[in-house]
Amino acid sequence: MATDLGPSIGGAGIDGGSDDALRRRRRDSRKRRLLKHVALIVFGFAMLYPLLWMVSSSFKPSDVIFRDPSLIPSEFDFSNYTEGWTALARPFHHYLINSAIIVGFSVVGNLLSCAMAAYAFARLQFRGRRLFFAAMLGTIMLPIHVVIVPQYILFSELDWINTYYPLIVPKFLATDAFFIFLMVQFIRGLPRELDDAARIDGCGHLRIFWRIIMPLCLPALATTAIFTFISVWNDFYSQLIFVTDPDLYTVPVALRTFVDSQGESAWGPLFAMSLVALGPIFGFFLAGQRYLMRGIATTGIK
Amino acid sequence: MAYLFLAPWFIGMVVITIGPILASLYLSFTEYSLLQPPEWLGLENYRRMLDDERLHTALRVTFTYVFVSVPMQLALALALAFFLDRGVRGLAIYRSIYYLPSLLGGSVAIAILWRQIFGTEGLINQLLGAVGIEGEGWVSHPDHALSTLIVLNVWTFGAPMVIFLAGLRQIPTMYYEAAEVDGAGGFTKFWRITIPLLTPIIFFNLVLQIIGSFQTFTQAFIVSGGTGGPADSTLFYTLYTYQRGFGSFEMGYASALAWVLLVIIAIFTAVNFLAAKRWVHYGD
């Protein structure tokens with residue numbers, strides 16, 4: 001909103017001559033602005049229509065979903081939720097807890113390991129720094145499909161298949177290079193004088209990192225936490241591969257089993273549980289928008 | 001001291017990333033079912049790809065998806081960013097609304113929604129029916145199933161749009177003011193100032209979206225029930241690789257497929273960077 005071109009449009013009218021022309025132009029620009037808002041709202045509504053319809057349909061009986069495109073259900077019926085909650089081998093909160101465990105550890109792991117690596121890259125001098133940094137950047141875009149087979153072999157050698165270790169341990173080893181990059185950029189923007197002052201006061205690197213850099217990095221840490229949350233909560237591919245025990249299923253894998261077993265007959269409960277799955281993401285979206293927007297703008301992650 | 005901070009990353013790099021990359025390269029020259037030790041095949045896996053009809057289908061599907069959905073998605077993102085940039089009141093709200101699908105689009109839940117919307121009795125056909133058109137089962141028709149996934153990718157234009165918006169804000173208003181003094185209209189300003197100054201951002205989005213789209217998996221998996229059907233029309237490259245590796249445990253062949261994907265993505269990225277010299281303007 002820094003670039004409000006409104007005044008310059010009005011300003012162009014000054015040398016335009018009569019008051020009448022000026023007024024007409026003002027009226028036109030107001031009309032145009034209104035038109036623009038109408039277009040933006042209609043378009044936004046069309047985009048969100050499927051989502052809103054999903055919410056509304058989760059309160060409709062399954063057979064009505066097939067013939068009712070309207071957004072307002074004729075009655076609010078929560079039976080899809082109760083039915084969906086118990087439709088699988090375990091109640092749905094079992095899968096929510098499983099997902100929450102993985103997400104919780106992943107967030108902590110990413111924050112710690114990526115911040116440590118970022119501190120080293122941004123502030124410390126060591127041999128091979130340029131090479132390591134280039135290697136780190138090189139792995140940002142690496143498709144997971146290239147490493148998944150050997151990782152599967154490695155984790156099955158360790159007897160880790162059907163545990164959460166394959167999903168959690170890599171996060172403690174800073175394998176999401178995106179976030180290292182994000183934090184390196186952030187730390188480089190912090191004044192070095194702070195470090196120097198602390199060093200003069202006798203602080204070692206551990207204390208500088210923990211007491212000075214980390215607190216100042218809070219915005220970058222928040223961005224990392226939110227994006228880790230969303231990407232791990234949504235992640236399907238690696239959870240599908242590493243977790244095959246139905247007791248350990250996460251939300252996305254459980255939903256997949258649900259859609260495959262119930263098929264087309266149970267859209268109501270399916271929609272209800274899908275919305276339960278989307279809930280936390282939506283919550284973080286509302287709560288952390290500032291960090292989300294900044295994160296995308298600086299690194300391009302979704 | 002530095003190595004203490006780097007230790008987790010370094011272990012991860014060696015054990016979780018570089019090691020597996022090399023192991024995958026080795027496995028791509030072998031036959032390996034996880035039960036017996038890998039058996040050296042030389043180039044056999046790569047030769048096999050030449051005759052693998054389903055792989056050719058997968059390549060066709062994936063390329064179609066990337067080449068159709070990425071330009072559409074970016075064009076929409078750019079158009080809306082431009083539309084929103086001109087001091088629209090409530091910008092933050094519009095931005096959030098348009099961005100929301102990007103956050104949700106990769107999830108299983110949205111793929112499930114898509115499967116219903118584009119089903120024979122889905123939302124789209126209900127809406128079409130209301131105006132008297134009888135629609136087909138989009139997801140179940142080999143000619144249309146891929147289009148539904150393209151629509152899904154275009155639907156997530158919000159993330160590149162936010163990046164475009166950030167880029168637009170970097171363009172100094174004095175350029176536009178100077179152009180106005182010279183009598184430039186909106187169209188000229190758009191083509192002569194906005195677009196050229198935005199080319200680095202367009203390039204950034206293009207590279208990012210191409211790399212991401214080549215790796216699409218979840219949506220195709222859920223919408224087709226893991227088969228890539230109907231008639232392999234949504235058999236994405238990654239889905240086919242998954243089927244070979246974790247469906248029939250041909251780990252050697254799956255590794256070869258994954259390496260070819262890596263090479264394809266690398267080539268596209270390199271071509272992008274080379275071509276960029278011709279059309280991307282960096283500030284002097």
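**The largest nonpolar core**

Tutor: The largest nonpolar core has 117 residues, and those touching the most other members are Leu255(A), Ile112(B) and Met161(B). Here a nonpolar core is a set of buried Ala, Val, Leu, Ile, Met, Phe, Trp, Tyr and Cys residues joined through C-beta atoms within 7 Å. A residue is buried if 20 or more other C-beta atoms lie within 10 Å of its own, exposed if 12 or fewer, and partly exposed in between, with C-beta atoms placed from the backbone. With twelve residues, helix 3 (residues 53–85) of chain B gives the most to this core. Helices (H or I, at least four residues) and strands (E, at least two) are DSSP runs, numbered from the N terminus. In chain A, domain 1 (6–57) and domain 2 (84–299) both give residues to the core, so it lies between them. These domain bounds come from an automatic or database domain assignment. The centres of the two domains of chain A, taken over C-alpha atoms, are separated by 41 Å.

This is a predicted model: local features need pLDDT of at least 70, side-chain atom pairs count only at pLDDT 80 or more, and totals for chains, interfaces and linings use all residues. Residues are numbered from 1 along each chain as its sequence is written, while chains are lettered from A and ligands numbered from 1 in the order in which they are written.

Take Leu255(A) next. Leaving aside neighbours within four places in sequence, Leu255(A) is in contact with Met273(A), Ser274(A) and Ala277(A), and also with Val108(B), Ala109(B) and Ile112(B). Two residues are in contact if their C-beta atoms, placed from the backbone, lie within 7 Å. A second, separate core of 33 residues includes Leu111(A), Leu182(A), Ile187(A) and Cys217(A).

Now the two chains together. Their contact takes 65 residues from chain A and 71 residues from chain B. Helix 2 (residues 19–57) of chain A supplies the largest share of the side of chain A that touches chain B, eight residues. By class, that side of chain A has 45 nonpolar, 13 polar and seven charged residues. Ala, Val, Leu, Ile, Met, Phe, Trp, Tyr, Cys and Pro count as nonpolar, Asp, Glu, Lys and Arg as charged, and the others, Gly among them, as polar.

Chain B, which holds helix 3, has 13 helices and two strands. Of its 284 residues, 42% count as buried. In chain B, residues 24 or more positions apart account for 68% of the contacts with a separation of 6 or more. The C-alpha atoms of chain B fill a box of roughly 75 × 65 × 35 Å, taken along the principal axes.

Last comes confidence. The model scores ipTM 0.91 and pTM 0.91. The predictor's confidence in each residue, from 0 to 100, is called pLDDT. Chain B averages a pLDDT of 93, and 99% of the residues score at least 70. Chain A averages 88, with 91% of the residues at 70 or above. Over residues 1–16 of chain A, pLDDT stays under 50, and the model has 17 contacts beyond four places in sequence for them. Where pLDDT is low, the predicted coordinates should not be read in detail.
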